[in-house]
Amino acid sequence: MAPCHLSVREMREDEKPLVLEMLKAAVKDTENRVALHALTRPPALLLLAAASSGLRFVLASFALALLLPVFLAVVAMKLGLRAWWGSLPPPGGLGGPWVAVRSSGDVCGVLALAPGSNSGDGARVTRLSVSRWHRHRGVGRQLLAFAESQARAWAGGMGEPRARLVVPVAVAAWGVAGMLEGCGYQAEGSWGCMGYTLVREFCKDL
């Protein structure tokens, strides 16, 4: 898809249900990989083993005592990911959210931004998702270019010392990480649980 066939504009209220479905679908694409990555780390395995041992004294079934903690952990992680990335954030200081729209009128991507926590942190991408039917066609790159232009304008208007954009990416989203590296972003931070990375932060000075 050529970039000229796309435009980026603010989301209309009647488009919100479609955008929410797009975000939820994107979470479903990665939630199993994120859960597998998290629950196969040694500390998580140790905690699951301890929980299974404790349940063995309560439950009559060894298999149930073994599987129940794993099932509950996977469900809790999936619900957390869906509540976090599968919803639209409240409007932030940078405006939006925005949608990428084809010339036919089809909404094929969504972007949301927020200011960083501290002065000089720049802007953060809080949502960046492309419909599965429109991936690998330049939609993500055009949304990212739009995010960079918004971050520059916001930094200039606020008198920020530098324009900077931070994009958090789940460890399982290899395609997004590759796109960001190809656009000049570098992984400079991360956060997770029990010392293991679940989300990497890609940053670029604009």
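This is a predicted model: local features need pLDDT of at least 70, side-chain atom pairs count only at pLDDT 80 or more; totals for chains, interfaces and linings use all residues.
1. Just after α4, Gly159 takes a positive phi of about 70°.

2. Which residues of α4 are buried? They are Val139, Gly140, Leu143, Leu144, Phe146, Ala147, Glu148, Ala151, Trp154 and Ala155.

3. Beyond its neighbours within four places in sequence, Arg152 is in contact with Ala163 and Leu206. As for Phe202, 50 residues away from Arg152 along the chain, the C-alpha atoms of the two are separated by 17 Å.

4. Now to the packing. The largest nonpolar core holds 30 residues, and those touching the most other members are Leu111, Leu113, Leu144, Leu165, Val167, Leu180 and Tyr185. Two or more residues come from each of β1 (6-10), β2 (98-102), β3 (107-115), β4 (123-130), α4 (139-158), β5 (164-170) and α5 (174-182). Which element gives the most to this core? That is α4, with 8 residues. Apart from this core lies another one, of 9 residues, including Met11, Val19, Val99 and Val101.

5. Leu111 is worth a click. Not counting residues up to four places away in sequence, Leu111 touches Pro97, Trp98, Val125, Arg127, Leu128, Leu143, Phe146 and Ala147.

6. Is Glu201 buried or exposed? Its relative accessible area is 17%, under the 20% limit, so Glu201 is buried. Glu201 is found in strand β7 (residues 196-205), and its side chain makes a polar contact with the side chain of Arg124, at 2.9 Å.

7. A point on annotation: the unreviewed UniProt entry marks residues 55-77 as a "transmembrane region". In the model this span is 78% helix and 0% strand, and its end C-alpha atoms lie 20 Å apart.

8. On the domains, the assignment gives domain 1 (27-84) and domain 2 (89-205). The C-alpha centres of domain 1 and domain 2 lie 30 Å apart. The span annotated in UniProt as a "transmembrane region", residues 55-77, falls within the bounds of domain 1 (27-84).

9. Finally, the whole chain. There are 5 helices and 7 strands, and along the sequence they follow the pattern β-α-α-α-β-β-β-α-β-α-β-β. The C-alpha trace spans about 60 × 40 × 30 Å along its principal axes. Of the 206 residues in the protein chain, 39% are buried. Among contacts with a separation of 6 or more, 62% are between residues 24 or more positions apart.

Key:
Residues are numbered from 1 along each chain as its sequence is written. Side-chain values use heavy atoms; hydrogens and water are left out. Domain bounds come from an automatic or database domain assignment. A nonpolar core is a set of buried Ala, Val, Leu, Ile, Met, Phe, Trp, Tyr and Cys residues joined through side-chain atoms within 4.5 Å. Buried means under 20% relative accessible area, exposed over 50%, partly exposed in between (1.4 Å probe, protein chains only). Helices (H or I, at least four residues) and strands (E, at least two) are DSSP runs, numbered from the N terminus. Contact means heavy atoms within 4.5 Å. UniProt positions are given in the numbering used here, feature names are shortened, and annotations may be inferred rather than shown by experiment. A polar contact is a pair of N or O atoms within 3.5 Å; within protein, one must be able to donate a hydrogen and the other to accept it, and residues adjacent in sequence count only if both atoms are side-chain atoms.
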